[in-house]
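Dear colleague,

My notes on what was found in it follow directly after.

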Amino acid sequence: MASKCTKEERKSVDEKFNNPTKKVLCPRCGKELEFTQRGSSCEVKCVTEGCIEVSIRGI
């Protein structure tokens, strides 16, 4: 995400990272956040293009 997350946005993203199968809604647009894992990296993003997107790269 290019800009800083608000507390509400960070809380939603953290909730999805910690509970990948739980339905978590985007605090910006209300659509569902998606969790994707590739090897040791993972990503949480909104289904709306250009909305929230946060990635964590593993080692």
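This is a predicted model: local features need pLDDT of at least 70, side-chain atom pairs count only at pLDDT 80 or more; totals for chains, interfaces and linings use all residues.

The mean pLDDT of the chain is 91, and 95% of the residues reach 70 or more. Among the elements, the mean pLDDT is lowest for strand E3 (residues 53-56), at 93, and highest for strand E2 (residues 41-46), at 96.

The strands

The pair named above belongs to E1 and E2, which are joined in the antiparallel sense by six bridges. These two strands form a hairpin with two residues between them, and Gly 39 in the turn has a positive phi of about 60 degrees. E2 also pairs with E3, again antiparallel, through four bridges. Here Val 44 has Val 54 of E3 as its bridge partner. The hairpin of E2 and E3 has six residues between the strands, and in it Gly 50 adopts a positive phi near 80 degrees.

The helix

Which residues of H1 are buried? They are Glu 9, Ser 12, Val 13, Lys 16 and Phe 17. Because these residues cover an arc of only 135 degrees around the axis, they lie on the same side of H1. An α-helix has 3.6 residues a turn, so residues three or four places apart point the same way. On the other side of H1, Lys 7, Glu 8, Lys 11 and Asn 18 are exposed. The buried residues of the helix pack against strands E1 (33-38), E2 and E3.

Ser 12 is a residue of H1, and it counts as buried because its relative accessibility is 13%, under the 20% cut-off. Leaving aside residues up to four places away in sequence, Ser 12 touches Val 24, Leu 25, Pro 27 and Leu 33.

The nonpolar core

The largest nonpolar core has 11 residues in all: Val 13, Phe 17, Val 24, Cys 26, Leu 33, Cys 42, Val 44, Cys 46, Cys 51, Ile 52 and Val 54. H1 and E2 each supply at least two residues of this core, and the largest share, three residues, comes from E2. In soluble globular proteins, nonpolar side chains tend to be buried together.

Leu 33 touches Ser 12, Val 13, Lys 16, Val 24, Leu 25, Cys 26, Val 44, Lys 45 and Cys 46, when residues up to four places away in sequence are not counted.

Cys 42 is found in E2. Is this residue buried or exposed? Cys 42 is buried, because its relative accessible area is 17%, below the limit of 20%. With residues up to four places away in sequence again left out, Cys 42 touches Phe 17, Phe 35, Thr 36, Gln 37, Val 54, Ser 55 and Ile 56. Cys 42 and Phe 17 are 25 residues apart along the chain, and their C-alpha atoms are separated by 8.3 Å. Both Cys 42 and Phe 17 belong to the core described above.

With kind regards

Note on methods:
Residues are numbered from 1 along each chain as its sequence is written. Side-chain values use heavy atoms; hydrogens and water are left out. pLDDT is the predictor's confidence in each residue, from 0 to 100. Buried means under 20% relative accessible area, exposed over 50%, partly exposed in between (1.4 Å probe, protein chains only). The arc is that of the directions from the helix axis to the C-beta atoms. Contact means heavy atoms within 4.5 Å. Two strands pair if DSSP finds at least two bridges between them. A nonpolar core is a set of buried Ala, Val, Leu, Ile, Met, Phe, Trp, Tyr and Cys residues joined through side-chain atoms within 4.5 Å.
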